[in-house]
Each structure stands twice: as C-alpha cells, then as structure tokens.
Amino acid sequence: MRRTGKQTWVFDEGVYIQAAAAAVGPLEADGPLGRYFDVCHRDLYCGEKTWELAERRLMREAVAHCLQKAGVSAEEVDLFLAGDLLNQSATSNYVARELPIPFLCLFGACSTSMQTLAAAAALVAGGLADRALVATSSHNATAERQFRYPTELGVQKPKTATFTVTGAGAALVGRTPGRWRLRAATIGKVIDAGLKNPLDMGAAMAPAAADTIEQHFRDLGTSPDDYDLIVTGDLSRVGSVIARELLAEAGFDVSDVYNDCGLMIYRPDQDVFAGGSGCACSAVVTYGYLLKTLSEGTFRRLLVVATGALLSQTMVQQKQSIPAIAHGVVIEAAEPEPHSSP
Amino acid sequence: MGLRTDYLREVKAFQPSPPYAANAAKAFLAGGALCALAQWLAEWHGRLVVASPLAAQLWAAAVMAGLAIALTAVGKYDDFSQFAGAGATMLITGLANALASAAIEHRSEGWTAGVAGQMLKVGGAAIIYGIIAAYALGLCWLWL
C-alpha cells in the first residue's frame with residue numbers, strides 16, 4: 001500500500017471484494033437493474049412497522065446475504081464500517097448492535113459507499129484487519145421526512161430534484177483472492193461551489209465529483225481511456241452533464257466511458273425527477289450490478305466515484321451553501337476463482 | 001468562459017428552468033376547479049338544507065378539508081400537488097394536507113410527541129400568520 005500523488009492510495013498487495021449483496025425497495029426492484037439485486041421488497045415498509053425499521057432491515061439483509069455468499073460468519077470478520085443518512089447514523093449503529101464485530105461508523109452522506117470501501121481496503125492492506133465488512137443504506141421515506149417534508153405533503157418539486165433510493169448494499173473486503181480486486185482509491189476534498197438549493201443537489205455535487213476524478217487521473221497518470229466505465233454516485237440528469245463538462249474543460253473527455261448510478265437505477269418513465277440519489281444509489285448499483293459486469297467479463301476496470309452532498313437542514317435554513325465531497329475507488333476483475341459465486 | 005471560471009453563473013445553462021407558463025395554467029385550472037367545487041358545494045348545500053349562506057360556506061370548507069385529508073391519507077394529494085402546484089394550496093385544502101401529512105408522518109413516534117407534537121410542523125406558520133393577519137385586519141376594520 002502506498003500513496004501516489006496527493007490524494008490517491010494504491011493497493012499493490014492483493015485486496016479483494018470477496019462478496020457483495022444488495023437489498024432494495026419496490027421502485028428499484030421494478031427498475032432496469034431489478035434482476036441484479038439479492039433482496040427485492042414489494043412495499044416501502046419491507047414488512048416492518050416504521051420506515052426507519054424498514055431501512056434497518058434492508059441493511060441487515062444486505063449484510064446477511066453478503067456474509068452468506070462469502071461463506072464467512074460474522075465472528076470471522078475483524079471490522080465493520082458503515083454509515084447512512086439518518087441522524088446519528090441510526091441505521092448503521094443499530095445494525096452494528098446485532099453484530100459481534102468492532103465497528104467504525106463513517107459519514108460521507110451519499111459518498112459513504114466508497115468512503116467505507118476505500119477505508120476498509122486501506123485497513124486490510126495495512127494489516128489491521130484480515131476481513132472488513134462495509135455497508136450503507138438509504139430509504140426514500142426516512143430521507144424525505146428528515147431532510148425535506150412529510151412524505152404526503154403536497155409540494156411541487158422541480159425537475160432538478162432527485163429521488164432517494166430505497167436500499168442497502170454490503171461488501172466483504174479481505175486478502176483472500178476473490179473475483180474483484182481493489183486497485184486504488186482517491187479520497188476527495190470537500191468542495192463548495194456556492195449553491196444553496198437542496199432540490200438541485202446534482203449541480204452542488206458535480207464540482208466535487210469532477211475534482212476527485214481529475215485528481216485521480218493526475219495522481220495515477222491515467223486517462224479516461226484506461227477505464228471501461230467511470231461512474232458517479234448520484235449526480236443524476238442535471239449534475240452528470242455538468243461533471244462531464246467540468247472534466248472536458250480540464251482536458252479529460254470522459255463522454256465515452258461515463259455514466260451515473262442515479263441514471264442507471266430507474267427507468268426514465270418512473271417519475272423520479274432528475275434521477276436517483278442517496279447512500280444506497282451508488283451502493284446497490286455497484287454491489288448489485290457493476291460487480292457482475294466485471295465477473296461476467298463485460299468490463300475489466302471501473303472507477304466508481306460516490307458523490308455526497310453534505311447537507312445540513314439547519315445550515316440551509318441559515319442560508320449557507322451546500323458543501324459536497326466525492327471518493328473514488330478502482331475495482332478490477334481479478335482472475336476467476338472457481339469456488340466463489342458473484 | 002466556462003464552468004471553471006464562474007460556476008454559479010455558467011451552471012444556470014445546465015439547470016432546466018421550470019415551465020412557468022404551463023405551471024401557471026395548471027395552477028389556474030386546478031385551483032379554479034377546486035374553488036368552483038367549493039362554491040357549488042356551498043350553494044347546493046344551501047338549497048338542500050335550510051341554512052344561512054355563512055353556515056353553508058363553513059360546511060363547504062369542512063367538506064373540502066375532509067376531502068383533502070382523505071386524499072392525503074390514501075397518498076394521492078401529493079400527486080395532485082405535483083400537477084397543480086400553487087393551485088393545490090387554494091382554499092383550506094392546502095392547510096388540511098399540511099396538517100394531515102405531518103400527523104400521518106409522525107404517527108410512528110406516538111400520539112403525543114408524534115401526531116400532536118408534530119402536526120403543526122409545516123402548517124403552523126400559515127396558522128400563526130393567518131391569525132396575525134386576521135387580527136390586524138380586524139383592528140383596521142374597527143378603526144375605520
């Protein structure tokens with residue numbers, strides 16, 4: 001493990017994703033990636049009494065499926081890193097309560113998926129854990145009621161608004177060779193472009209995404225051609241175009257290899273405004289779908305850049321602008337392991 | 001020129017602007033339809049049940065509020081609002097939706113801290129300024 005350039009960690013020793021799983025709500029299950037998810041719920045309550053409990057159930061199920069696929073019991077995991085959008089990261093803390101694993105709670109808003117994955121890879125590569133479990137979740141209704149309004153309140157949302165993904169993703173990181181190798185991670189800086197509209201978070205996050213991607217290229221001396229796919233977390237229809245333009249202005253044309261998880265998870269006719277967002281957006285698309293594109297040989301190398309709007313309702317009400325952050329992780333297809341399943 | 005030189009200005013080209021004309025037309029039609037319905041209720045009620053015109057209007061307002069609460073409860077009022085915009089805030093229906101949606105939302109935290117404690121979370125501001133405005137107008141009327 002070493003640092004290259006200013007912000008990028010390179011994992012020379014083999015660090016692998018040994019298994020991953022995703023659990024989602026009804027709209028995500030109905031979307032174009034529905035068949036790639038491990039657990040699909042038919043209603044937003046997921047069989048629980050409240051939405052918060054539903055979100056907890058999603059993360060618990062993602063973790064359970066991930067461990068089951070890896071054939072590893074919770075006792076054999078050395079570290080659990082997780083985070084979510086609820087105040088006090090309630091979902092992660094309550095899921096960790098049920099696990100016999102030392103726990104680090106991380107918050108990076110919707111960048112948490114790659115934040116936890118990058119941190120887990122570094123800790124495993126550094127020998128501080130043999131196996132580290134990462135997880136993140138979001139729920140449309142818990143996010144709506146915490147960050148916006150009651151779910152049934154009649155407010156007209158603009159086209160720039162995004163739709164929080166209901167779901168959870170989990171992955172097990174370890175030294176034992178698996179199907180997916182973690183090659184590098186670029187830790188982003190907090191970038192505040194000065195935007196104040198919480199209903200246009202794509203435009204608020206795009207500069208952070210572009211900054212991390214550009215830094216990644218410069219640190220590693222790579223270019224967009226070195227990746228089969230560069231995917232951002234939840235910039236959606238508005239922010240993804242801005243990020244692409246910002247990168248073009250810096251001399252990096254990513255248009256042939258670029259996509260956004262918020263655009264991949266829903267069909268255009270699903271009434272989700274500008275697209276999907278939330279911690280689960282990049283998590284379920286990466287752990288549910290993108291890893292399979294690697295193991296099936298469609299792609300060889302991905303750069304997943306999870307984007308987070310570090311939104312505080314109090315700060316927004318005090319007319320403060322919205323800071324944003326993005327963390328990127330390079331995931332490669334490793335040599336096929338006959339015994340492991342995706 | 002470019003996003004990197006002046007982001008706040010240049011980014012506007014990438015942000016879709018709201019369809020103001022279409023929104024205004026939809027708000028006018030939906031809000032007008034709601035008002036017409038309320039007016040029709042008031043007059044229809046007045047003809048069926050013998051009541052003063054004022055009582056008929058109050059009854060119509062209560063029916064409209066009940067209708068809005070019912071639509072909120074079945075999860076349809078927010079869809080209507082997405083279409084109607086400001087038209088859905090007409091009359092008492094917008095306020096009824098604000099109170100009902102907050103009450104439903106916080107049922108999971110119990111009847112006291114949740115439903116009762118949070119019911120005015122969104123609609124409270126409208127009620128406070130409504131009372132202040134009514135009081136101020138009342139004073140004006142008294143003095144004139």
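Axes are lines fitted to C-alpha atoms, for helices over the stretch in contact, and angles run from 0 to 180 degrees between N-to-C directions. Helices are DSSP runs (H or I, at least four residues), numbered from the N terminus.

The crossing of α2(A) and α5(A) is left-handed; that is, the near helix is turned anticlockwise from the far one by less than a right angle, whereas clockwise is right-handed. A:Trp51, A:Glu52 and A:Glu55 in α2(A) meet A:Ala141, A:Thr142 and A:Arg145 in α5(A). Contact here means heavy atoms within 4.5 Å.

## About the model

This is a predicted model: local features need pLDDT of at least 70, side-chain atom pairs count only at pLDDT 80 or more, and totals for chains, interfaces and linings use all residues. Residues are numbered from 1 along each chain as its sequence is written, chains are lettered from A and ligands numbered from 1 in the order in which they are written, and side-chain values use heavy atoms, leaving out hydrogens and water.

## Helices α2 and α3 of chain A

Helix α2 (residues 51–70) also crosses helix α3 (residues 90–97) in chain A, at roughly 55 degrees, with axes that come within 9 Å. That makes α2(A) oblique to α3(A). This crossing is right-handed. From α2(A), A:Glu55, A:Arg56, A:Met59 and A:Arg60 take part. They meet A:Thr91, A:Ser92, A:Tyr94, A:Val95 and A:Arg97 of α3(A).

## Helices α4 and α9 of chain A

Helix α4 (residues 112–125) and helix α9 (residues 279–295) of chain A have axes that come within 7 Å and cross at roughly 60 degrees. α4(A) and α9(A) are therefore oblique. On the α4(A) side, the contact uses A:Thr112, A:Ser113, A:Met114 and A:Leu117. On the α9(A) side are A:Cys279, A:Ser282, A:Ala283, A:Thr286 and A:Tyr287.

## Where chain A meets chain B

In this interface, 31 residues of chain A are in contact with 30 residues of chain B. The two chains have two salt bridges between them. A salt bridge is a side-chain nitrogen of Lys or Arg within 4 Å of a carboxyl oxygen of Asp or Glu. A:Glu214 forms a salt bridge with B:Arg4, with the closest N and O atoms 3.0 Å apart.

Key: Helices (H or I, at least four residues) and strands (E, at least two) are DSSP runs, numbered from the N terminus. Angles under 35 degrees count as roughly parallel, over 145 as roughly antiparallel, 65 to 115 as roughly perpendicular and the rest as oblique.
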